[in-house]
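Reader: Hey, I'm new to looking at protein models. Can you walk me through this one?

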Amino acid sequence: MRESIGGTWLTGIVITFLALFAGFLAYSISYTKAFRVKDNIIQIIESNEGFTTAANTKANVIEDVLNASEDQLVANGSAEAEIYNFIRKIGYNYASNIRCDNDVFDTAKYGYCIEKHCTNTTNIDKVYYKVTSYIALQIPVVNIAVQIPITGETATLYHDSTGMEINDPDDHCFN
């Protein structure tokens with residue numbers, strides 16, 4: 001009888017360590033993808049000299065990026081289309097219930113947030129973007145969803161392609 005109880009305890013310990021190891025592995029994979037998404041979003045915004053939306057491009061206007069094909073996203077050329085095309089290719093499991101406080105570009109539906117910050121000096125308008133992607137972990141047995149933000153900022157852009165004017169009240173900037 002004593003040996004059967006000892007076997008039960010040993011089985012419980014093994015299952016506990018396996019669950020902890022699997023949880024750590026899932027977290028590290030999600031963290032890697034979220035970090036990679038954040039870095040690539042920053043790179044795309046910097047290469048486009050600002051965050052441009054797919055609906056505001058001159059050619060190949062896309063109203064709904066979520067339902068666009070890969071060819072439409074590539075031909076659009078906006079930062080929004082490039083970012084969503086990258087997210088689709090990487091297989092980023094984005095958090096669906098995020099709420100962005102200062103997100104004027106409505107990017108929360110894609111699983112990331114972008115905030116535009118302006119620093120007006122006497123002669124030059126400078127702008128930078130704060131990008132937040134999320135680690136989305138869902139534990140199915142206890143029905144818990146964990147969202148951990150990963151934040152980064154672009155370099156300072158001296159020319160913003162979204163059309164920021166010096167006295168424009170609709171420049172979507174946060175100081």
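This is a predicted model: local features need pLDDT of at least 70, side-chain atom pairs count only at pLDDT 80 or more; totals for chains, interfaces and linings use all residues.

Reader: What's the phi of Glu49 like, positive or negative?
Author: Positive, at about 55°, although Glu49 is not a glycine.

Reader: Let's zoom out. How many helices and strands are there in the chain?
Author: The protein chain has 3 helices and 3 strands. Starting at the N terminus, the order is α-α-α-β-β-β.

Reader: How much of the chain counts as buried?
Author: Of its 175 residues, 38% count as buried. The accessible surface of the chain comes to about 10900 Å², and 55% of that belongs to carbon and sulfur atoms.

Reader: What share of the contacts comes from residues 24 or more positions apart?
Author: Counting contacts with a separation of 6 or more, such residues account for 55%.

Reader: Tell me about Ile41. Which element is Ile41 in?
Author: Ile41 is part of helix α1. Its relative accessible area is 0%, so Ile41 is buried.

Reader: What does Ile41 touch, apart from its neighbours within four places in sequence?
Author: Ile41 is in contact with Ile83, Tyr112, Ile114 and Val131. Also, the C-alpha atoms of Ile41 and Phe86 are 8.8 Å apart in space, while the two residues are 45 apart in sequence.

Reader: And Ile45, what does Ile45 touch?
Author: Leaving out residues up to four places away in sequence, Ile45 touches Gly50, Phe51, Ile83, Ile114, Tyr129, Val131, Thr154 and Leu157.

Reader: Switching topic: which cysteines does a disulfide join?
Author: Cys100 and Cys113, with an S to S distance of 1.6 Å. The pair links distant parts of the chain, 13 residues apart: Cys100 is in the loop between α3 and β1, and Cys113 is in strand β1. The count comes to 1 disulfide.

Reader: Is that link left-handed or right-handed?
Author: Left-handed, with -70° about the S-S bond. Both Cys100 and Cys113 are buried.

Reader: What about charged residues? How many salt bridges does the structure hold?
Author: The structure holds 2 salt bridges. Glu70 forms one with Lys89, where the closest N and O atoms are 3.5 Å apart. That pair links distant parts of the chain, with Glu70 in helix α2 and Lys89 in helix α3, 19 residues apart. Asp39 forms a salt bridge with Lys38, and there the closest N and O atoms are 2.9 Å apart.

Reader: Is Lys38 buried or exposed?
Author: Lys38 is buried, with a relative accessible area of 7%. Asp39 is partly exposed at 35%. In the other pair, Glu70 is partly exposed at 40%, and Lys89 is exposed at 59%.

Reader: And Lys116, why does Lys116 count as buried?
Author: Because its relative accessibility is 3%, and buried means under 20%. Lys116 lies in strand β1. Lys116 and Tyr129 are 13 residues apart in sequence, and their C-alpha atoms are 4.6 Å apart in space.

Reader: Last one: which residues make the nonpolar surface patch?
Author: Ile139, Val141, Val142, Ile144 and Val146 make a patch of about 440 Å². Val146 is found in strand β3, residues 144-153. Val146 counts as partly exposed because its relative accessibility is 31%.

Conventions
Residues are numbered from 1 along each chain as its sequence is written. Side-chain values use heavy atoms; hydrogens and water are left out. Patches are made of residues with over 30% relative accessible area and no salt bridge: like charges are joined within 9 Å, nonpolar side chains (Val, Leu, Ile, Met, Phe, Trp, Tyr) within 5 Å. Accessible areas come from the Shrake-Rupley method with a 1.4 Å probe; for residues, only the protein chains shown count as cover. A salt bridge is a side-chain nitrogen of Lys or Arg within 4 Å of a carboxyl oxygen of Asp or Glu. Helices (H or I, at least four residues) and strands (E, at least two) are DSSP runs, numbered from the N terminus. Buried means under 20% relative accessible area, exposed over 50%, partly exposed in between (1.4 Å probe, protein chains only). Contact means heavy atoms within 4.5 Å. A disulfide is a pair of cysteine sulfur atoms within 2.5 Å.
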